Amino acid sequence: VFGHQRSPSMEFKELTKKDAQIQLAQELQKLLVTCPNSYKDVIQKDFEGYEKLFGRFINETGPSVEWEKIQKLPEGAVWNFSELRAPDTELVKNMLNKLVVVKLNGGLGTSMGCQGPKSIIPVRSELTFLDLTVQQIEHLNKTYSTNVPLVLMNSFNTDDDTQKVIRKYHGFQVKTYTFNQSRYPRINKESLMPIAKTTGSDADLEAWYPPGHGDFYQSFKNSGLLQEFIKQGKEYVFISNIDNLGATVDLSILNFLLGGEESGKCEFLMEVTDKTRADVKGGTLIQYEEKLRLLEIAQVPKEHVDDFKSVKTFKIFNTNNLWIKLTAVDRILDEETMDMDVIINNKHLDNGLNIIQLEQAVGAAVKSFIGALGINVPRSRFLPVKKTDDLLLVMSNLYRLQQGTLVMSPLRMFETTPLVKLGPNHFGRVKEFLRRFASIPDMLELDHLTVSGDVTFGKGVSLRGTVIIIANHGDRIDIPPGAILENKIVSGNLRILDH
(Lines give C-alpha, C1' and ligand atoms only; values in the text may rest on other atoms or scores of the structure.)
Protein backbone atom coordinates (compact mmCIF):
# COMPACT_ATOMS: atom_id res chain seq x y z
CA VAL A 1 0.00 0.00 0.00
CA PHE A 2 1.35 3.41 -0.92
CA GLY A 3 2.89 5.25 2.07
CA HIS A 4 2.70 2.20 4.33
CA GLN A 5 5.91 1.46 6.24
CA ARG A 6 6.63 -2.13 7.05
CA SER A 7 7.11 -2.80 10.77
CA PRO A 8 9.94 -5.25 11.68
CA SER A 9 8.61 -8.72 11.11
CA MET A 10 8.10 -11.11 14.00
CA GLU A 11 10.80 -13.29 12.50
CA PHE A 12 13.31 -10.43 12.59
CA LYS A 13 12.45 -9.73 16.24
CA GLU A 14 12.85 -13.37 17.17
CA LEU A 15 16.25 -13.53 15.46
CA THR A 16 17.35 -10.36 17.22
CA LYS A 17 16.34 -11.82 20.59
CA LYS A 18 18.09 -15.08 19.86
CA ASP A 19 21.16 -13.18 18.70
CA ALA A 20 21.26 -11.11 21.90
CA GLN A 21 21.11 -14.28 24.02
CA ILE A 22 23.88 -15.98 22.01
CA GLN A 23 26.06 -12.87 22.22
CA LEU A 24 25.50 -12.56 25.96
CA ALA A 25 26.43 -16.23 26.49
CA GLN A 26 29.66 -15.65 24.51
CA GLU A 27 30.54 -12.54 26.53
CA LEU A 28 29.95 -14.40 29.81
CA GLN A 29 32.23 -17.23 28.60
CA LYS A 30 34.96 -14.65 27.90
CA LEU A 31 34.53 -13.26 31.41
CA LEU A 32 34.69 -16.77 32.91
CA VAL A 33 38.16 -17.25 31.41
CA THR A 34 39.41 -14.30 33.54
CA CYS A 35 38.21 -16.00 36.73
CA PRO A 36 40.60 -17.70 39.20
CA ASN A 37 39.99 -21.49 39.36
CA SER A 38 38.99 -21.35 43.04
CA TYR A 39 35.95 -19.16 42.17
CA LYS A 40 35.03 -20.74 38.83
CA ASP A 41 32.16 -22.94 40.12
CA VAL A 42 30.51 -20.07 41.99
CA ILE A 43 30.82 -17.64 39.07
CA GLN A 44 29.56 -20.28 36.62
CA LYS A 45 26.41 -20.82 38.74
CA ASP A 46 25.89 -17.04 38.91
CA PHE A 47 26.21 -16.77 35.13
CA GLU A 48 23.75 -19.65 34.57
CA GLY A 49 21.22 -17.82 36.76
CA TYR A 50 21.87 -14.58 34.92
CA GLU A 51 21.39 -16.15 31.48
CA LYS A 52 17.95 -17.40 32.58
CA LEU A 53 17.02 -13.94 33.90
CA PHE A 54 18.30 -12.25 30.74
CA GLY A 55 16.30 -14.75 28.64
CA ARG A 56 13.12 -13.78 30.49
CA PHE A 57 13.89 -10.08 30.08
CA ILE A 58 14.54 -10.42 26.33
CA ASN A 59 11.54 -12.64 25.60
CA GLU A 60 8.86 -10.96 27.68
CA THR A 61 6.34 -9.27 25.43
CA GLY A 62 3.93 -6.63 26.58
CA PRO A 63 3.16 -5.63 30.16
CA SER A 64 3.40 -8.28 32.88
CA VAL A 65 0.01 -7.16 34.22
CA GLU A 66 -3.05 -6.16 32.20
CA TRP A 67 -4.92 -3.72 34.41
CA GLU A 68 -8.38 -4.90 33.32
CA LYS A 69 -7.60 -8.47 34.43
CA ILE A 70 -6.95 -7.55 38.07
CA GLN A 71 -9.60 -9.20 40.24
CA LYS A 72 -10.88 -8.38 43.69
CA LEU A 73 -9.11 -10.38 46.41
CA PRO A 74 -11.32 -13.39 47.22
CA GLU A 75 -12.74 -14.00 50.69
CA GLY A 76 -10.11 -15.68 52.89
CA ALA A 77 -7.10 -14.65 50.74
CA VAL A 78 -5.91 -12.30 53.49
CA TRP A 79 -6.36 -13.33 57.10
CA ASN A 80 -6.52 -10.90 59.99
CA PHE A 81 -3.77 -11.14 62.59
CA SER A 82 -6.28 -10.49 65.38
CA GLU A 83 -8.00 -13.82 64.56
CA LEU A 84 -4.83 -15.83 65.25
CA ARG A 85 -4.11 -17.39 68.61
CA ALA A 86 -0.82 -18.12 70.30
CA PRO A 87 0.17 -21.80 70.74
CA ASP A 88 -0.01 -23.55 74.11
CA THR A 89 3.33 -23.14 75.89
CA GLU A 90 4.21 -26.84 75.71
CA LEU A 91 3.95 -26.75 71.89
CA VAL A 92 6.18 -23.69 71.37
CA LYS A 93 9.52 -25.53 71.62
CA ASN A 94 8.54 -28.08 68.98
CA MET A 95 7.31 -25.34 66.63
CA LEU A 96 10.38 -23.15 67.03
CA ASN A 97 12.62 -26.13 66.31
CA LYS A 98 11.02 -26.26 62.85
CA LEU A 99 11.90 -22.62 62.06
CA VAL A 100 14.84 -20.92 60.33
CA VAL A 101 15.21 -17.12 60.46
CA VAL A 102 16.72 -15.45 57.37
CA LYS A 103 17.67 -11.78 57.26
CA LEU A 104 18.32 -10.05 53.95
CA ASN A 105 21.69 -8.43 54.58
CA GLY A 106 22.89 -7.38 51.14
CA GLY A 107 22.47 -3.61 51.47
CA LEU A 108 25.04 -0.92 52.23
CA GLY A 109 24.48 2.07 54.51
CA THR A 110 25.16 4.56 51.71
CA SER A 111 21.65 6.07 51.81
CA MET A 112 22.50 7.32 55.32
CA GLY A 113 26.08 8.33 54.49
CA CYS A 114 27.70 5.26 56.09
CA GLN A 115 30.38 2.91 54.85
CA GLY A 116 29.95 -0.90 54.92
CA PRO A 117 26.84 -3.03 55.56
CA LYS A 118 23.74 -1.22 56.74
CA SER A 119 23.23 -3.91 59.40
CA ILE A 120 26.23 -2.63 61.42
CA ILE A 121 24.89 0.94 61.87
CA PRO A 122 24.08 1.62 65.56
CA VAL A 123 20.33 2.23 65.92
CA ARG A 124 19.59 2.15 69.62
CA SER A 125 21.74 2.20 72.79
CA GLU A 126 24.86 1.65 70.63
CA LEU A 127 23.33 -1.62 69.33
CA THR A 128 23.26 -2.32 65.58
CA PHE A 129 20.51 -3.97 63.50
CA LEU A 130 22.53 -7.18 63.68
CA ASP A 131 23.03 -6.95 67.47
CA LEU A 132 19.27 -6.53 67.98
CA THR A 133 18.49 -9.50 65.71
CA VAL A 134 20.92 -11.77 67.57
CA GLN A 135 19.48 -10.62 70.93
CA GLN A 136 15.92 -11.40 69.80
CA ILE A 137 16.76 -14.93 68.63
CA GLU A 138 18.95 -15.67 71.62
CA HIS A 139 16.07 -14.63 73.90
CA LEU A 140 13.77 -17.10 72.08
CA ASN A 141 16.33 -19.91 72.24
CA LYS A 142 16.98 -19.38 75.96
CA THR A 143 13.32 -18.97 76.91
CA TYR A 144 12.12 -22.12 75.13
CA SER A 145 15.38 -24.19 75.07
CA THR A 146 15.32 -24.24 71.27
CA ASN A 147 17.87 -23.85 68.49
CA VAL A 148 16.42 -21.37 65.99
CA PRO A 149 19.30 -20.59 63.61
CA LEU A 150 20.00 -17.14 62.14
CA VAL A 151 20.93 -17.05 58.46
CA LEU A 152 22.25 -13.91 56.78
CA MET A 153 21.97 -13.49 53.02
CA ASN A 154 24.95 -11.25 52.24
CA SER A 155 26.01 -9.69 48.97
CA PHE A 156 29.55 -9.34 47.65
CA ASN A 157 29.33 -5.76 49.02
CA THR A 158 28.61 -6.79 52.61
CA ASP A 159 30.12 -10.26 53.07
CA ASP A 160 33.68 -9.41 54.23
CA ASP A 161 32.59 -6.86 56.84
CA THR A 162 29.73 -9.09 58.06
CA GLN A 163 32.08 -12.07 58.53
CA LYS A 164 34.34 -9.92 60.78
CA VAL A 165 31.39 -8.68 62.85
CA ILE A 166 29.64 -12.03 63.46
CA ARG A 167 32.74 -13.43 65.20
CA LYS A 168 31.70 -11.46 68.28
CA TYR A 169 28.50 -13.56 68.57
CA HIS A 170 30.51 -16.75 69.00
CA GLY A 171 29.52 -17.23 72.65
CA PHE A 172 25.81 -16.49 72.09
CA GLN A 173 23.09 -19.14 72.05
CA VAL A 174 22.43 -18.55 68.34
CA LYS A 175 23.96 -20.55 65.53
CA THR A 176 24.71 -18.13 62.68
CA TYR A 177 25.04 -19.13 59.03
CA THR A 178 25.79 -16.95 56.02
CA PHE A 179 25.51 -17.36 52.28
CA ASN A 180 25.99 -14.94 49.41
CA GLN A 181 23.43 -13.90 46.87
CA SER A 182 24.55 -13.91 43.24
CA ARG A 183 26.83 -11.35 41.67
CA TYR A 184 25.40 -10.34 38.30
CA PRO A 185 26.89 -8.21 35.49
CA ARG A 186 25.44 -4.79 34.74
CA ILE A 187 24.66 -4.45 31.06
CA ASN A 188 24.99 -1.50 28.71
CA LYS A 189 21.52 -0.12 27.92
CA GLU A 190 22.29 0.23 24.20
CA SER A 191 24.22 -2.97 23.44
CA LEU A 192 22.68 -5.15 26.21
CA MET A 193 26.17 -6.58 26.78
CA PRO A 194 28.09 -6.73 30.11
CA ILE A 195 30.25 -3.66 30.81
CA ALA A 196 32.76 -5.74 32.82
CA LYS A 197 36.14 -6.61 31.30
CA THR A 198 37.12 -9.10 34.01
CA THR A 199 35.33 -11.10 36.75
CA GLY A 200 37.31 -9.40 39.54
CA SER A 201 34.84 -7.02 41.17
CA ASP A 202 37.66 -5.24 43.03
CA ALA A 203 39.05 -4.00 39.74
CA ASP A 204 35.68 -2.83 38.46
CA LEU A 205 33.14 -2.63 41.26
CA GLU A 206 30.63 -0.62 39.19
CA ALA A 207 30.34 -3.45 36.63
CA TRP A 208 28.55 -5.82 39.05
CA TYR A 209 25.47 -5.76 41.26
CA PRO A 210 23.57 -8.01 43.71
CA PRO A 211 20.25 -8.77 41.93
CA GLY A 212 17.65 -7.97 44.58
CA HIS A 213 16.17 -10.32 47.18
CA GLY A 214 14.32 -12.45 44.60
CA ASP A 215 17.68 -14.16 44.20
CA PHE A 216 17.16 -15.71 47.66
CA TYR A 217 15.64 -19.00 46.45
CA GLN A 218 18.31 -20.14 44.02
CA SER A 219 21.25 -18.82 46.06
CA PHE A 220 19.92 -20.50 49.21
CA LYS A 221 19.73 -23.80 47.34
CA ASN A 222 23.16 -23.30 45.69
CA SER A 223 24.70 -22.72 49.13
CA GLY A 224 23.61 -26.18 50.34
CA LEU A 225 21.75 -24.66 53.31
CA LEU A 226 18.27 -25.45 51.96
CA GLN A 227 19.03 -29.20 51.93
CA GLU A 228 20.84 -29.03 55.25
CA PHE A 229 17.87 -27.45 57.03
CA ILE A 230 15.37 -29.87 55.45
CA LYS A 231 17.55 -32.74 56.74
CA GLN A 232 17.52 -31.17 60.21
CA GLY A 233 13.70 -31.31 60.18
CA LYS A 234 13.18 -27.56 59.71
CA GLU A 235 9.90 -26.76 57.94
CA TYR A 236 9.54 -23.01 57.52
CA VAL A 237 11.82 -20.09 56.88
CA PHE A 238 10.90 -16.59 58.10
CA ILE A 239 12.49 -13.98 55.80
CA SER A 240 12.65 -10.24 56.38
CA ASN A 241 14.81 -7.20 55.71
CA ILE A 242 17.54 -6.67 58.32
CA ASP A 243 16.52 -2.98 58.59
CA ASN A 244 12.90 -3.79 59.53
CA LEU A 245 13.06 -3.62 63.33
CA GLY A 246 9.44 -4.83 63.60
CA ALA A 247 10.13 -8.17 61.90
CA THR A 248 10.42 -10.45 64.92
CA VAL A 249 9.46 -14.14 65.20
CA ASP A 250 5.75 -14.20 65.98
CA LEU A 251 4.43 -17.30 67.76
CA SER A 252 0.81 -16.77 66.66
CA ILE A 253 1.83 -16.77 62.98
CA LEU A 254 4.01 -19.83 63.57
CA ASN A 255 1.03 -21.55 65.23
CA PHE A 256 -1.17 -20.60 62.25
CA LEU A 257 1.31 -22.38 59.93
CA LEU A 258 2.17 -25.39 62.08
CA GLY A 259 -0.76 -25.91 64.45
CA GLY A 260 -3.84 -28.10 64.04
CA GLU A 261 -5.18 -29.86 60.97
CA GLU A 262 -4.03 -27.18 58.55
CA SER A 263 -0.38 -27.70 59.53
CA GLY A 264 1.96 -27.17 56.58
CA LYS A 265 -0.87 -26.53 54.06
CA CYS A 266 0.06 -22.89 53.49
CA GLU A 267 3.38 -22.89 51.59
CA PHE A 268 3.77 -19.11 51.44
CA LEU A 269 2.51 -16.46 53.86
CA MET A 270 3.05 -12.77 53.19
CA GLU A 271 2.62 -10.23 55.99
CA VAL A 272 0.77 -7.17 54.73
CA THR A 273 -0.33 -4.12 56.67
CA ASP A 274 -2.75 -1.22 56.14
CA LYS A 275 -1.51 1.38 53.72
CA THR A 276 -1.08 5.00 54.80
CA ARG A 277 -0.13 7.99 52.65
CA ALA A 278 3.51 7.27 53.53
CA ASP A 279 3.39 3.82 51.88
CA VAL A 280 1.93 4.60 48.47
CA LYS A 281 4.82 2.99 46.58
CA GLY A 282 4.77 -0.35 48.44
CA GLY A 283 3.80 -3.51 46.50
CA THR A 284 0.31 -4.90 47.09
CA LEU A 285 -1.46 -8.27 46.86
CA ILE A 286 -3.90 -8.79 44.01
CA GLN A 287 -5.86 -11.69 42.53
CA TYR A 288 -4.77 -12.24 38.93
CA GLU A 289 -5.62 -15.15 36.65
CA GLU A 290 -7.06 -16.99 39.67
CA LYS A 291 -3.81 -16.68 41.67
CA LEU A 292 -2.59 -14.49 44.46
CA ARG A 293 0.06 -12.17 43.09
CA LEU A 294 2.33 -9.31 44.19
CA LEU A 295 1.88 -6.10 42.18
CA GLU A 296 4.81 -3.67 42.31
CA ILE A 297 4.65 -0.02 41.21
CA ALA A 298 7.17 -0.76 38.42
CA GLN A 299 4.58 -3.07 36.77
CA VAL A 300 1.78 -0.51 36.80
CA PRO A 301 0.94 1.23 33.49
CA LYS A 302 1.58 5.00 33.73
CA GLU A 303 -2.10 5.89 33.39
CA HIS A 304 -2.96 3.74 36.46
CA VAL A 305 -0.19 4.85 38.85
CA ASP A 306 -2.60 7.14 40.74
CA ASP A 307 -5.06 4.23 41.17
CA PHE A 308 -2.20 2.07 42.49
CA LYS A 309 -1.16 4.73 45.01
CA SER A 310 -4.74 5.28 46.18
CA VAL A 311 -5.33 4.15 49.76
CA LYS A 312 -8.97 3.44 48.82
CA THR A 313 -8.28 1.10 45.86
CA PHE A 314 -5.41 -0.91 47.35
CA LYS A 315 -5.72 -0.87 51.12
CA ILE A 316 -2.72 -3.05 52.03
CA PHE A 317 0.96 -3.32 51.13
CA ASN A 318 3.68 -5.94 51.42
CA THR A 319 6.00 -5.62 54.46
CA ASN A 320 8.45 -8.15 52.95
CA ASN A 321 8.06 -10.34 56.06
CA LEU A 322 7.53 -13.77 54.48
CA TRP A 323 7.01 -17.28 55.89
CA ILE A 324 7.85 -19.95 53.33
CA LYS A 325 7.84 -23.76 53.43
CA LEU A 326 11.31 -25.18 52.77
CA THR A 327 10.27 -28.36 50.94
CA ALA A 328 8.06 -26.24 48.67
CA VAL A 329 11.05 -24.05 47.70
CA ASP A 330 13.03 -27.21 46.92
CA ARG A 331 10.20 -28.69 44.82
CA ILE A 332 9.56 -25.50 42.80
CA LEU A 333 13.26 -25.04 42.02
CA ASP A 334 13.58 -28.69 40.95
CA GLU A 335 10.51 -28.43 38.73
CA GLU A 336 11.76 -25.06 37.42
CA THR A 337 8.32 -23.52 38.00
CA MET A 338 9.56 -20.54 40.07
CA ASP A 339 7.90 -17.58 38.38
CA MET A 340 8.96 -14.06 39.31
CA ASP A 341 8.54 -10.95 37.21
CA VAL A 342 11.72 -9.25 36.01
CA ILE A 343 12.24 -5.75 37.41
CA ILE A 344 14.25 -3.51 35.07
CA ASN A 345 16.29 -1.01 37.05
CA ASN A 346 17.79 1.72 34.84
CA LYS A 347 20.82 3.49 36.29
CA HIS A 348 23.20 6.21 35.15
CA LEU A 349 26.81 5.67 36.23
CA ASP A 350 29.22 8.47 37.14
CA ASN A 351 31.28 7.68 34.04
CA GLY A 352 28.29 8.63 31.87
CA LEU A 353 27.19 5.08 30.97
CA ASN A 354 23.51 4.16 31.02
CA ILE A 355 23.15 0.64 32.36
CA ILE A 356 20.41 -1.86 33.17
CA GLN A 357 20.15 -4.03 36.28
CA LEU A 358 17.77 -6.97 36.08
CA GLU A 359 16.25 -7.77 39.48
CA GLN A 360 13.47 -9.82 41.08
CA ALA A 361 11.51 -9.43 44.31
CA VAL A 362 11.35 -12.34 46.80
CA GLY A 363 7.60 -11.77 47.37
CA ALA A 364 6.82 -12.03 43.64
CA ALA A 365 7.22 -15.82 43.89
CA VAL A 366 3.90 -15.96 45.80
CA LYS A 367 2.10 -17.15 42.63
CA SER A 368 4.36 -20.23 42.39
CA PHE A 369 3.31 -21.70 45.77
CA ILE A 370 0.29 -23.79 46.78
CA GLY A 371 -2.10 -22.39 49.39
CA ALA A 372 -0.44 -18.94 49.46
CA LEU A 373 -2.08 -16.41 51.76
CA GLY A 374 -1.67 -12.89 53.07
CA ILE A 375 -1.97 -11.92 56.70
CA ASN A 376 -2.86 -8.39 57.75
CA VAL A 377 -0.53 -7.59 60.66
CA PRO A 378 -0.34 -4.57 62.97
CA ARG A 379 1.81 -1.66 61.82
CA SER A 380 4.25 -2.44 64.65
CA ARG A 381 5.61 -5.35 62.53
CA PHE A 382 6.75 -2.88 59.88
CA LEU A 383 9.39 -0.57 61.29
CA PRO A 384 11.99 -0.06 58.56
CA VAL A 385 14.94 2.30 58.98
CA LYS A 386 15.68 3.60 55.49
CA LYS A 387 16.69 7.17 56.32
CA THR A 388 17.69 9.28 59.31
CA ASP A 389 13.99 10.32 59.55
CA ASP A 390 13.26 6.72 60.65
CA LEU A 391 16.38 6.61 62.83
CA LEU A 392 15.11 9.58 64.86
CA LEU A 393 11.88 7.68 65.61
CA VAL A 394 13.55 4.44 66.75
CA MET A 395 16.13 6.30 68.90
CA SER A 396 13.41 8.29 70.69
CA ASN A 397 11.26 7.62 73.76
CA LEU A 398 8.45 6.43 71.43
CA TYR A 399 10.03 2.99 71.81
CA ARG A 400 11.37 0.80 74.59
CA LEU A 401 13.92 -1.93 74.06
CA GLN A 402 13.03 -5.40 75.39
CA GLN A 403 15.37 -8.35 74.59
CA GLY A 404 16.36 -6.83 71.27
CA THR A 405 12.77 -5.94 70.31
CA LEU A 406 11.51 -2.36 70.01
CA VAL A 407 8.10 -1.98 71.62
CA MET A 408 5.96 1.17 71.32
CA SER A 409 5.88 3.01 74.64
CA PRO A 410 2.58 2.53 76.53
CA LEU A 411 2.77 6.27 77.28
CA ARG A 412 2.04 7.14 73.65
CA MET A 413 -1.66 7.84 73.22
CA PHE A 414 -1.90 6.95 69.50
CA GLU A 415 -1.11 3.73 67.65
CA THR A 416 0.46 5.53 64.70
CA THR A 417 4.01 6.85 64.63
CA PRO A 418 4.64 10.55 63.90
CA LEU A 419 5.47 11.64 60.36
CA VAL A 420 9.06 12.94 60.36
CA LYS A 421 10.76 14.81 57.50
CA LEU A 422 14.34 15.95 58.00
CA GLY A 423 16.18 18.05 55.40
CA PRO A 424 18.63 15.73 53.59
CA ASN A 425 21.38 18.35 53.23
CA HIS A 426 21.87 18.83 56.97
CA PHE A 427 20.39 15.63 58.45
CA GLY A 428 20.79 12.98 55.71
CA ARG A 429 24.08 11.49 56.92
CA VAL A 430 24.13 9.67 60.27
CA LYS A 431 27.26 11.45 61.53
CA GLU A 432 25.87 14.91 60.77
CA PHE A 433 22.41 13.93 62.10
CA LEU A 434 23.81 12.83 65.51
CA ARG A 435 25.84 16.04 65.82
CA ARG A 436 22.65 18.11 65.65
CA PHE A 437 21.00 16.61 68.75
CA ALA A 438 22.44 17.20 72.24
CA SER A 439 19.85 14.56 73.18
CA ILE A 440 16.99 12.97 71.21
CA PRO A 441 13.84 15.06 71.86
CA ASP A 442 10.79 13.79 73.75
CA MET A 443 8.41 12.78 70.93
CA LEU A 444 5.63 10.96 72.82
CA GLU A 445 3.01 13.56 71.82
CA LEU A 446 4.37 14.40 68.37
CA ASP A 447 2.19 14.07 65.24
CA HIS A 448 4.34 15.69 62.58
CA LEU A 449 7.86 17.11 62.45
CA THR A 450 9.47 18.92 59.52
CA VAL A 451 13.00 20.29 59.90
CA SER A 452 14.89 22.03 57.12
CA GLY A 453 18.21 23.89 57.04
CA ASP A 454 20.90 24.44 59.67
CA VAL A 455 19.04 23.51 62.87
CA THR A 456 20.39 22.11 66.15
CA PHE A 457 18.52 20.81 69.21
CA GLY A 458 19.61 21.42 72.80
CA LYS A 459 19.25 18.86 75.60
CA GLY A 460 15.80 17.88 76.86
CA VAL A 461 13.69 19.41 74.05
CA SER A 462 10.05 18.30 73.85
CA LEU A 463 8.13 18.22 70.56
CA ARG A 464 4.32 17.97 70.55
CA GLY A 465 1.58 18.13 67.92
CA THR A 466 2.81 19.59 64.61
CA VAL A 467 6.23 21.24 64.68
CA ILE A 468 7.85 22.87 61.64
CA ILE A 469 11.36 24.31 61.92
CA ILE A 470 12.82 26.01 58.84
CA ALA A 471 16.16 27.81 58.82
CA ASN A 472 16.53 29.86 55.65
CA HIS A 473 19.72 29.73 53.60
CA GLY A 474 22.52 31.35 55.61
CA ASP A 475 20.51 31.34 58.87
CA ARG A 476 20.99 28.96 61.78
CA ILE A 477 18.40 27.99 64.37
CA ASP A 478 19.44 26.57 67.76
CA ILE A 479 16.48 25.19 69.71
CA PRO A 480 17.40 25.99 73.33
CA PRO A 481 17.77 23.23 75.98
CA GLY A 482 14.49 22.29 77.69
CA ALA A 483 12.32 24.01 75.05
CA ILE A 484 8.76 22.72 74.64
CA LEU A 485 7.45 23.21 71.12
CA GLU A 486 3.76 22.39 70.74
CA ASN A 487 2.05 23.15 67.39
CA LYS A 488 4.74 25.69 66.49
CA ILE A 489 6.33 27.00 63.34
CA VAL A 490 9.89 28.19 63.91
CA SER A 491 11.14 30.24 60.99
CA GLY A 492 14.38 31.79 59.66
CA ASN A 493 15.17 34.21 62.43
CA LEU A 494 13.94 32.06 65.32
CA ARG A 495 10.48 33.55 65.51
CA ILE A 496 8.31 30.95 67.23
CA LEU A 497 4.73 31.09 65.92
CA ASP A 498 1.63 29.12 66.85
CA HIS A 499 0.72 26.51 64.25
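**Pockets, sheets and a helix in a predicted model**

Helix 2 supplies five residues to the lining of the second largest pocket, which is the largest share. The structure described here is a predicted model. The second largest pocket has a volume of about 860 Å³. Its lining consists of 25 residues, and those that lie nearest the centre are Y39, V42, F156, N180 and R183. The elements that contribute two or more residues to this lining are helix 2 (40-59), helix 5, strand 7 and helix 6 (216-222).

Helix 2 also packs on a sheet, where it touches strand 9, strand 16 and strand 17, and its direction makes about 105° with that of strand 17. This sheet is open and has three strands in the order 9-17-16, with antiparallel pairing. Strand 9 (187-188) and strand 16 (343-348) stand at its edges; each has a single partner strand, so one side of each is left without a neighbour in the sheet. Strand 9 pairs with strand 17 (residues 354-359) in the antiparallel sense over two bridges. I187 has I356 in strand 17 as its bridge partner. In general, strands of a sheet pair through backbone hydrogen bonds, in either a parallel or an antiparallel manner.

A further open sheet is formed by eight strands in the order 2-18-12-15-11-3-6-7, and its pairing is mixed. The edges are taken by strand 2 (78-80) and strand 7 (176-180); because each has a single partner strand, one side of each is left without a neighbour in the sheet. Neighbouring strands of this sheet are turned by 30° against each other on average, direction ignored. Within the sheet, strand 12 (residues 268-274) and strand 18 (residues 373-376) pair in the parallel sense over four bridges. In this pairing, V272 stands opposite N376 in strand 18. Helix 5 (residues 159-166) packs on the sheet and touches strand 3 (99-105), strand 6 (150-154) and strand 7; the direction of helix 5 makes about 155° with that of strand 6. Helix 5 and strand 7 are also among the elements that line the second largest pocket.

Helix 4 (residues 129-144) was examined for its length and burial. At 1.5 Å a residue, the 16 residues of helix 4 should span 22 Å, and the end C-alpha atoms are 23 Å apart, which agrees. The buried residues of helix 4 are F129, L130, D131, L132, T133, V134, Q136, I137, E138, L140 and N141. An α-helix has 3.6 residues a turn, so residues three or four places apart point the same way. D131 lies in helix 4. Its relative accessibility is 10%, and D131 therefore counts as buried, since the cut-off for a buried residue is under 20%. When residues up to four places away in sequence are not counted, D131 touches E126, K168 and Y169. S145 follows helix 4 and has a positive phi, near 50°.

Rolling a probe the size of a water molecule over the atoms shows where empty space is left. The count comes to two cavities of 30 Å³ or more. The largest cavity holds about 50 Å³ of space, and its lining is made up of L294, E296, Q299, D341, I343, A361 and A364.

Key:
Residues are numbered from 1 along each chain as its sequence is written. This is a predicted model: local features need pLDDT of at least 70, side-chain atom pairs count only at pLDDT 80 or more; totals for chains, interfaces and linings use all residues. Side-chain values use heavy atoms; hydrogens and water are left out. Two strands pair if DSSP finds at least two bridges between them. Axes are lines fitted to C-alpha atoms, for helices over the stretch in contact, and angles run from 0 to 180 degrees between N-to-C directions. Contact means heavy atoms within 4.5 Å. The expected span of a helix is 1.5 Å times one less than its number of residues. Buried means under 20% relative accessible area, exposed over 50%, partly exposed in between (1.4 Å probe, protein chains only). On a 1 Å grid over the protein atoms alone, a cavity is a set of points where a 1.4 Å probe fits but cannot get out, and a pocket is an open set with protein on both sides within 12 Å along at least five of seven lines; lining residues have an atom within 4 Å of a point. Grid points are joined across faces, edges and corners, and a volume is the space filled by probe spheres set on the points.
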